[in-house]
There are 2 protein chains.
Amino acid sequence: MQVVCEVFHKINFPALRQRKERKKYIIMIEWKNFDELASVKKLSALAGKVKLKEVMAGESGADRVKKYAVPMAEGLCYSYAPKEVDDDVLAALVELAKEAQLSDKFKALYNGEVINTGEKRMVLHHLTRGQLGEDVMADGVNKRSFYIEQQKRIADFANDVHAGKITNEKGEKFTTAVQIGIGGSDLGPRAMYLALENWAKKNNTFLMDAKFISNVDPDDASQVLAGTDVAHAIFILVSKSGTTLETLTNQSFVMDALKKAGLDPAKHMIAVTSETSPLAHSDDYLDAFYMDDYIGGRYSSTSTVGGAVLSLAFGPDVFARFLDGAAAEDKLATETDPLKNPDMLDALIGVYERNFLGYPATAVLPYSQAMSRFPAHLQQLDMESNGKSVNRFGEPVNYKTGPIIFGEPGTNGQHSFYQLLHQGTDIIPLQFIGFKKSQLENDVTIQGSTSQKKLDANVSAQIQAFATGKDDENRNKYFAGGRPSSIIIGDQLTPETLGALLAHYENKVMFQGFCWNVNSFDQEGVQLGKTLAKKVLAHETDGALKAYADIFGI
Amino acid sequence: MQVVCEVFHKINFPALRQRKERKKYIIMIEWKNFDELASVKKLSALAGKVKLKEVMAGESGADRVKKYAVPMAEGLCYSYAPKEVDDDVLAALVELAKEAQLSDKFKALYNGEVINTGEKRMVLHHLTRGQLGEDVMADGVNKRSFYIEQQKRIADFANDVHAGKITNEKGEKFTTAVQIGIGGSDLGPRAMYLALENWAKKNNTFLMDAKFISNVDPDDASQVLAGTDVAHAIFILVSKSGTTLETLTNQSFVMDALKKAGLDPAKHMIAVTSETSPLAHSDDYLDAFYMDDYIGGRYSSTSTVGGAVLSLAFGPDVFARFLDGAAAEDKLATETDPLKNPDMLDALIGVYERNFLGYPATAVLPYSQAMSRFPAHLQQLDMESNGKSVNRFGEPVNYKTGPIIFGEPGTNGQHSFYQLLHQGTDIIPLQFIGFKKSQLENDVTIQGSTSQKKLDANVSAQIQAFATGKDDENRNKYFAGGRPSSIIIGDQLTPETLGALLAHYENKVMFQGFCWNVNSFDQEGVQLGKTLAKKVLAHETDGALKAYADIFGI
């Protein structure tokens, strides 16, 4: 196995070739476009073959529920019986996975290949929670050791805050953590905080409130600050580059508020950033914790970006358990048989729905109020990763890539947009998530059942309703069925299961990016707006842009 | 003008015929399917004609910004320059509006015709905020008088609560209002509350906190109650039918909590319901306020459903100003020339995008953190109203109806899913909303500009970036442009402008429903799931549904 890694690229990566010598595995990877794959033709021919209304009815449906399920980490289970697949479709998807070398590409990724071709960067978020392959060296250090070190530094810091060793100027304990960040520095950590808040309260690990400031809209910072006891608040400034407009602006907002309250901002702020950023090693902060260019913002919940706020709020042990859940799911994702790999299988079925069945969107529907912002996080994760029209070599592609992602928790969504999902003119695949137990385990029995049972009965019922529909002579009450879904079922939403869920979707998006041959780890599409906004503020515009700037009085 | 109303229906409505005698206007309405309209062919031929990349560049773009704008109520302006329209397309859309009799149908609606054919009901939400046409009698009363009476009853009640005349058992003032409702009884009122919270604080009309319990997930009620001083809380139970499973379950949750705290639930709860519901005229509540079957849940924010919580939180005067804004926009919506009617024009352009340009979704992107849940409300409003596959007579249609609606506030969305909007393989039309001033008017100047200016510069820049894109030899940094948007611009988000915005979207959805000949006012698609959930709880299932129920241990 002492052979170099052979990666056939259409463009050159000198850095990559230099690292060849220390590789200990063989991967022969061809980065083919999706429409170059032979299995694509086969899948095309199968599209529409499976009629959910038939196969999900009666005993056939019960058999499918038994058969089409694959265990995930932490006791979760990915059930795909209500998807438009059968053994033939699955066999063709397995072929696609092999042909697209999904496992090999993942292996290359976690062993430190430069998978983010656009920005010429490695993609190492898996290393923030475990070691899947060989040691990855970069910037002169072992990256896994670096991430562990940062996690430990945060744990020590958080423990000191909780113990009252790190305090405000008056020696009083901090009671609130306020994260200042946007996009990946906001959506993921915020969703994870909300997902574990109840659980932590129930399990006596709720140590500090957390709040979040993200938008450049001045009302966002004003409102959060108005509801915060700033004298006892510790602010976490999160920006990898240290140059994010919104975040620096909101930092100034916060510093103003602290000064107005007669407080020293440097005693109330910590930074989470890269070591090369202007925020690193600065006297403006109590301390700084580091991430690096190999962690994309939307993949950063398990890095210091999520670690600081979650360790302060719930304690380092809870954050470590969250990482354990993610690591366990990552390990499953290394399985080469897609039928035993829930992350890969979910990705493949999604590709089938997008490219062969022609569905433009996917709805994410957690039956858990605590996961209220999880869909918003997945919206960024998925749409920013795979919403691309060029392949990883910058060449236009001729097939659909990432779908629209949206969702709200059930049962709320049932009383909102489910009408269109059931009876609209487009079919939208659904991803349900459900748990057997609530987090607070505080419940009432009405009409013979608890609220939790009602919640679970509803998600079960929805799956069946979407799949098999209902005949009715009154066409207004007729349900066509044939609307595919999957469900991830777990015992309870805990730090571990949340970590596994997060990793599942991160890995799903990665595998889909591999199928479509796009670079899931850059985001060039966000640049133009930033550039033009600067021009507006500098009054360097003409035409329509100047006309709108004039209307706004800029 | 003493002639009967002639409505050509394919089905009979005896109730409607009985009311003919008192009609004072002539409307000759034919409820044609969309694909029966002659203008549809004309529009088909025009599709793709306008190239945004060209027409929005340079001076042409500036001219369009001047030309393609129409005033809304309360100083708002609907700007559609960045849409794929020109004078020819607009002329054809005007023809479509006439042919589809949009103004006549609206007139019939507000004059009390049975427009909700599925449920054989009138559609009267406009009457909750003004009188657009003749008096509408139903249930033996003048409905406008009825809605005013209920609004006045709530105003008196809220004033008494604020003045300490209505108190808890100890004679102490209530400090928090907690709404218990789901779907239309939750999303709209919650979005409106959040939208006005800052404004009310700034203008010294913030009188009580409001909270919301919606989900049947027991963690929702548990968490809200844990953060609420129940001894000083007044709970608003909102259910038109008085039978909504989630709401009744959560009522029991709350009653338990009150009893455990040694309090009498009947002294802490009010009901908002229909007069025929089991919740009406009950000793279980301090008082009850009424709506009726002519107000759909998703159209109920201006009825008692929104009125109770908003009047308690911000005072009846603020709620009245919100209604004034909605009424003013409604009045504009009666304008028969679509080019002077922003609600109708927005609807027509949306239909053009959906049916002729083939776009599957629309994103709603308010550049205002206060509007964070407005997109979730519009998601219900639009998708539940027009996500239908049958026309108003229950016959299947052969064209696309309501699109997917999703959105988050800017600039947050820019750092999330905008990547796909700019460079993804599908084009998604965008609806921006922006204001010249923030609500709290508390701002900082960084790098020469305030946060509000940065916010407005960003939304302006996005419009241009989406429309004209950017050429680049590196295809990864290339923006194709040609991505249509519109923007509603206002001075500030106030009760009046919020009311106008709400009415704008309600009327837009209504006009689109008229174009597609669907009934935008029923929601049969939500029934099947409810029925099956009951079967699960009663253990009356088999097949896949039983298999899932077993997994959940139901």
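Predicted model: local features only at pLDDT ≥ 70, side-chain atom pairs only at ≥ 80, totals over all residues.
## Overall form of chain A

Chain A contains 19 helices and 17 strands, and its C-alpha atoms fill a box of roughly 70 × 65 × 55 Å along the principal axes. Its radius of gyration of 24 Å agrees with the value near 24 Å that a compact globule of 554 residues would have. Of these 554 residues, 67% count as buried, and among contacts with a separation of 6 or more, 73% are made by residues 24 or more positions apart.

The chain exposes about 17,800 Å², of which carbon and sulfur atoms supply 49%.

## The interface between chains A and B

The size of an interface is often given as the accessible area lost when the parts come together. For chain B and chain A, the buried area is about 11,200 Å² between them, with 60% of it on carbon and sulfur atoms. On the side of chain B, the residues B:H415, B:Y548 and B:F552 supply 8% of the area that this chain buries against chain A, more than any other three residues. The contact takes 134 residues from chain B and 134 residues from chain A.

## A buried tyrosine in a loop of chain B

B:Y299 is found in the loop between β11 (287-291) and α11 (304-314) of chain B; because its relative accessibility is 1%, B:Y299 counts as buried. Leaving aside residues up to four places away in sequence, B:Y299 touches B:H125, B:L381, B:S385, B:E506, B:V509, B:S520 and B:F521.

B:Q101, which lies in the loop between α5 (87-99) and α6 (102-110) of chain B, has a positive phi of about 55° although it is not a glycine. With a relative accessible area of 14%, B:Q101 is buried.

B:N204, found in the loop between α8 (187-202) and β8 (209-213) of chain B, also has a positive phi, near 55°, in a residue other than glycine. B:N204 is exposed, with a relative accessible area of 69%.

Key. Residues numbered from 1 in each chain as written. Chains lettered and ligands numbered in written order. Heavy atoms only, no water. Helix = DSSP H or I, 4+ residues; strand = E, 2+ residues; numbered from the N terminus. Rg over C-alpha atoms; globule rule 2.2 N^0.38 Å. Buried < 20%, exposed > 50% of the residue type's maximum accessible area, 1.4 Å probe, protein only. Contact = heavy atoms within 4.5 Å. Areas by Shrake-Rupley, 256 points an atom, 1.4 Å probe, with all protein chains shown as cover. Buried area = accessible area lost by both parts, 1.4 Å probe.
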